[in-house]
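Hello,

Here is the structure I promised to pass on to you. Have a look at it first, and then read on for what I found in it.

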Amino acid sequence: MASAASSAVLAILLLFLAGCAAGVAAAAAAANETTFRPGKELRRYRRVQALLRRLNKPSLRTIQSPDGDLIDCVAAHLQLAFDHPRLRGQRPLDPPERPRGHRRRSNDTADAGVQLWAASGESCPEGSVPVRRTTEADVLRASSVRRFGRAPTERVRRDSVSGGHEHAVGYVAGDEYYGAKASINVWAPKVSTPSEFSLSQIWVIAGSFGNDLNTIEAGWQVSPQLYGDNSPRFFTYWTTDAYQMTGCYNLLCSGFVQTNSKIAMGAAISPTSGYKGGQFDISLLVWKDPNHGNWWLEFGSGELVGYWPSFLFSHLASHASMVQFGGEVVNTRADGGAHTATQMGSGHFAGEGFGKASYFRNLEVVDWDNSLVPLTGFHVTADHPNCYDIQGGVNTVWGNYFYYGGPGKNVRCT
């Protein structure tokens with residue numbers, strides 16, 4: 001009996017010791033996992049959280065958009081722009097004088113001036129600005145935490161197609177330009193992969209096409225990587241060193257100062273145009289305040305959105321040397337090396353015309369005298385006309401205009 005009891009006790013002890021050993025081994029494995037594998041992820045997580053704390057300022061009110069966006073109403077003087085050393089402690093400037101010849105737009109086409117977040121009738125209180133909240137998911141979709149909110153460094157412009165960026169644009173060059181205006185047809189083009197985008201915008205450009213390129217950009221874009229969906233969104237961009245280290249989209253760095261309580265940069269635009277259906281566009285005006293030198297942005301019929309302080313720029317601190325209007329897509333050739341099927345504009349070629357092809361109309365520039373004037377020496381060009389093309393014209397209703405766009409991959413574009 002004693003011997004049997006001793007054997008039982010010994011068996012239990014051995015089982016206990018085996019369990020302890022297994023536990024120690026599991027703990028050691030977990031320690032190794034923490035030390036070697038999650039360590040890098042932990043550091044990234046901390047960087048993401050630090051970035052979110054910096055971007056998402058305290059909110060006076062939060063508005064839920066039907067598309068899932070959260071719009072924070074941030075006190076205007078506490079927005080991210082005022083983290084900049086040159087702006088710290090200041091407040092947004094008063095509106096400047098608009099360019100001479102600026103008219104409220106006619107109603108020959110409907111204005112896609114409604115943003116989804118504002119469709120419920122909610123708005124931000126006076127003295128605050130609506131800011132699209134940046135989420136952890138937004139940051140994690142980026143190629144890196146450091147590059148979040150910035151364009152790819154290889155993104156260039158009309159005279160280069162490096163990095164897979166393809167354009168169909170109209171442009172003027174060779175003079176001094178102090179702004180630009182256009183009405184831009186809004187569509188929801190198909191984007192094939194999250195790392196690609198399709199946009200339609202105005203570029204105000206100075207400097208060379210080297211490392212000193214200065215641009216101010218505004219328009220609409222579909223960018224699944226940046227926004228997490230396929231909706232066209234009102235956006236801006238700026239850079240003073242060819243997209244290398246300076247500048248960003250919307251309000252994702254200290255730069256653009258928002259003054260408007262009704263327009264949220266990066267928020268979805270509604271409605272959009274339909275093939276053989278209703279056509280909607282947005283009117284955008286960018287111009288340089290002759291008194292203070294800052295570059296201002298107007299959206300729709302008279303809504304001042306805000307301004308880029310002149311000190312952000314080198315060449316644009318004076319004036320622009322080129323203005324471009326048109327479309328751009330990214331072609332990553334992710335489909336076995338074939339050309340992308342990401343659409344530009346409506347996804348249809350320029351020759352299809354109104355109601356089918358996308359357009360820009362009423363193109364103007366601002367001259368040295370702060371006056372809106374018609375374009376002179378206007379040219380149109382497309383990098384890959386079998387994929388995306390452009391056709392310009394002039395008439396008494398639309399002034400300078402063009403149709404542009406295309407489907408991307410097709411029998412002539414491979």
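This is a predicted model: local features need pLDDT of at least 70, side-chain atom pairs count only at pLDDT 80 or more; totals for chains, interfaces and linings use all residues.

Let me start with the disulfides, of which the structure holds three. In sequence order, the bonded cysteines pair as 1-2, 3-4, 5-6.

Cys73 is joined to Cys124, with 2.1 Å between the two sulfur atoms.

With a relative accessibility of 26%, Pro125 counts as partly exposed. Its contacts, leaving aside residues up to four places away in sequence, are Leu60, Arg61, Cys73 and Ser261. From Pro125 to Val74 there are 51 residues in sequence, and their C-alpha atoms are 9.2 Å apart in space.

Next come Cys248 and Cys253, which form a disulfide with an S to S distance of 2.1 Å. The torsion about their S-S bond is about -75 degrees, so this disulfide is left-handed. Cys248 has a relative accessible area of 1% and is therefore buried. Cys253 counts as buried as well, because its relative accessibility is 16%.

In the remaining disulfide, Cys387 is joined to Cys413, S to S 2.0 Å. Here the torsion about the S-S bond is about 95 degrees, so the disulfide is right-handed. This pair also links distant parts of the chain, 26 residues apart, with Cys387 in the loop between strand 19 and strand 20 (389-395) and Cys413 in the segment after strand 21 (399-405). Cys387 and Cys413 are both buried.

Now to the strands. Strand 21 is mostly covered, with six of its seven residues buried. Which strands does strand 21 pair with? One of its partners is strand 20, in the antiparallel sense and over seven bridges. Strand 20 and strand 21 make a hairpin with three residues between them, and Asn395 stands opposite Gly399 of strand 21. Strand 17 (residues 358-366) also pairs with strand 21 in the antiparallel sense, over four bridges. There, Tyr359 stands opposite Tyr403 in strand 21.

Elsewhere, six strands form an open sheet with antiparallel pairing, in the order 10-9-8-16-6-19. Its edges are strand 10 (233-239) and strand 19 (379-382), each of which pairs on one side only. From one strand to the next, the twist averages 15 degrees. At one end of that order, strand 9 (residues 214-222) pairs with strand 10 in the antiparallel sense over seven bridges. Gly219 has Phe235, in strand 10, as its bridge partner.

On the packing side, the largest nonpolar core has 83 residues, and Trp308 and Phe325 touch the most other members. There is also a second, separate core of twelve residues, among them Tyr178, Leu285, Trp287 and Tyr307. As background, nonpolar side chains tend to be buried together in soluble globular proteins.

Asn260 is buried, because its relative accessible area is 5%. What does the side chain of Asn260 make a polar contact with? The partner is the side chain of Glu303, at 2.7 Å. The Asn260 side chain also reaches the backbone nitrogen of Ile263 at 2.9 Å. Leaving out residues up to four places away in sequence, Asn260 touches Ser128, Val129, Pro130, Glu303, Leu304 and Val305.

Key
Residues are numbered from 1 along each chain as its sequence is written. Side-chain values use heavy atoms; hydrogens and water are left out. A nonpolar core is a set of buried Ala, Val, Leu, Ile, Met, Phe, Trp, Tyr and Cys residues joined through side-chain atoms within 4.5 Å. Buried means under 20% relative accessible area, exposed over 50%, partly exposed in between (1.4 Å probe, protein chains only). Two strands pair if DSSP finds at least two bridges between them. Helices (H or I, at least four residues) and strands (E, at least two) are DSSP runs, numbered from the N terminus. Axes are lines fitted to C-alpha atoms, for helices over the stretch in contact, and angles run from 0 to 180 degrees between N-to-C directions. A disulfide is a pair of cysteine sulfur atoms within 2.5 Å. A polar contact is a pair of N or O atoms within 3.5 Å; within protein, one must be able to donate a hydrogen and the other to accept it, and residues adjacent in sequence count only if both atoms are side-chain atoms. Contact means heavy atoms within 4.5 Å.
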